[in-house]
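Me: Hi! Could you walk me through this protein in plain words?
Reply: Happy to, let's look at it together.

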Amino acid sequence: MHHPPPYGAHYGRPPPYDYGGDYYPHEKRRGGKFCVRCICCCYCVLCFLVLIVVAFALYWFTYYDPKLPIYKFEALDVKEFGYHPDSSLNVDFILTLKADNPNKAIGIIYDKASSINVTYSNSTICSGKFPSFHHGHKNITMLQIELNGKNQFSSGLYEALQDNERHGKIPLTVLAKIPFRPVLGDKTLRQFSVLANVTIYVHDLKPGNKSEIEQGKIVLNLAK
């Protein structure tokens, strides 16, 4: 006699998983896809912004082609150069400097808070300031900078300087800090500074003479 299978039997198949709550597989799958879509959208927006920034930077550098100004020392006019019994050295120079702005679309405004120091063997002999002016595009300007000072100078250092003068080659180091602001069209940007370090060789320091200058390699750095 055939008997019905006992309650819960499924002819070899395991009984269904006993889950007491509600199960919505389609809703869970939908939520996962939504998170993936959000992440993809965020990445797309980020990539788009990066592309805009890169394109703007390329346009800016291509159009403006920014370059550092070029400086060359032309001559040194010696108004006073004398060693005194109190071990002080009195100096009054006029330094002729050629300033070249090679930029085709960027002007330069030189600010007042500049400093130029001339040293011999790490001892300062005179100082002055870079003039404040607006340097136009593709412009070369000749500047005359007055440098003067009265500093303590040992007799041995002065004798070494005179020995250099007898050989016709006096090494002087020019240290300069020149603050400036780039000008793009009618917009003036934030202030930067040119830091310059260059050795110049002067042939004669006799008062009343205008000595030509041999300029060594000039080192320029930018500082904020």
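**Chatting through the model**

Reply: Let's start with G82, which sits in strand β1, residues 70–83. Keep in mind that this is a predicted model.

Me: Okay, is G82 buried or exposed?
Reply: G82 counts as buried, because its relative accessibility is 18% and the cut-off for buried is under 20%.

Me: What does G82 touch?
Reply: Leaving out residues up to four places away in sequence, G82 touches S88, L89 and N90.

Me: Let's zoom out. How many helices and strands are there?
Reply: The protein has 2 helices and 12 strands. Along the sequence the order is α-β-β-β-β-β-β-β-α-β-β-β-β-β.

Me: And what share of the residues is buried?
Reply: Of the 224 residues, 31% count as buried. As for contacts between residues at least 6 apart in sequence, 67% of them join residues at least 24 apart.

Me: Which residues form a nonpolar patch on the surface?
Reply: I39, Y43, L46, V50, V54 and L58 do, and together they have about 600 Å² of accessible area. Take V54 as an example: this residue lies in helix α1, residues 25–64, and is partly exposed at 41% relative accessible area.

Me: New topic: how many disulfides are there?
Reply: The count is 0. C47 is in no disulfide either, as its nearest cysteine sulfur, that of C44, is 6.6 Å away.

Me: Are those two cysteines buried or exposed?
Reply: C44 counts as exposed at 53% relative accessibility, while C47 counts as partly exposed at 46%.

Me: What about H135, where is that one?
Reply: H135 is in strand β6, residues 134–135. H135 is buried, with a relative accessible area of 0%.

Me: Which backbone oxygens lie by its side chain?
Reply: One belongs to N139, 3.0 Å from a polar atom of the H135 side chain. Another belongs to A99, at 3.4 Å from a polar atom of that side chain. Setting aside neighbours within four places in sequence, H135 is in contact with several residues, including D100, G107, Y110 and T141.

Me: Now charges. How many salt bridges does a search find?
Reply: It finds 7 in the whole structure. As background, side chains of opposite charge can pair when their charged atoms come close. One of the bridges joins D65 and K67, with N to O at 2.6 Å. D65 is partly exposed at 33% relative accessibility, and K67 is partly exposed at 41%.

Me: What about D111 and R181?
Reply: Their side chains meet in a salt bridge too, at 3.2 Å from N to O. D111 is in the loop between β3 and β4 and R181 is in strand β8, so the pair ties together parts that are 70 residues apart in sequence. D111 is buried at 16% relative accessible area, whereas R181 is partly exposed at 30%.

Me: Which residues are linked in a network of salt bridges?
Reply: E165, D204 and K206 are. Between D204 and K206, the closest N and O atoms are 3.7 Å apart. D204 is buried at 19% relative accessible area, and K206 is partly exposed at 46%.

Conventions: Residues are numbered from 1 along each chain as its sequence is written. This is a predicted model: local features need pLDDT of at least 70, side-chain atom pairs count only at pLDDT 80 or more; totals for chains, interfaces and linings use all residues. Side-chain values use heavy atoms; hydrogens and water are left out. Helices (H or I, at least four residues) and strands (E, at least two) are DSSP runs, numbered from the N terminus. Buried means under 20% relative accessible area, exposed over 50%, partly exposed in between (1.4 Å probe, protein chains only). A polar contact is a pair of N or O atoms within 3.5 Å; within protein, one must be able to donate a hydrogen and the other to accept it, and residues adjacent in sequence count only if both atoms are side-chain atoms. Contact means heavy atoms within 4.5 Å. Patches are made of residues with over 30% relative accessible area and no salt bridge: like charges are joined within 9 Å, nonpolar side chains (Val, Leu, Ile, Met, Phe, Trp, Tyr) within 5 Å. Accessible areas come from the Shrake-Rupley method with a 1.4 Å probe; for residues, only the protein chains shown count as cover. A salt bridge is a side-chain nitrogen of Lys or Arg within 4 Å of a carboxyl oxygen of Asp or Glu. A disulfide is a pair of cysteine sulfur atoms within 2.5 Å.
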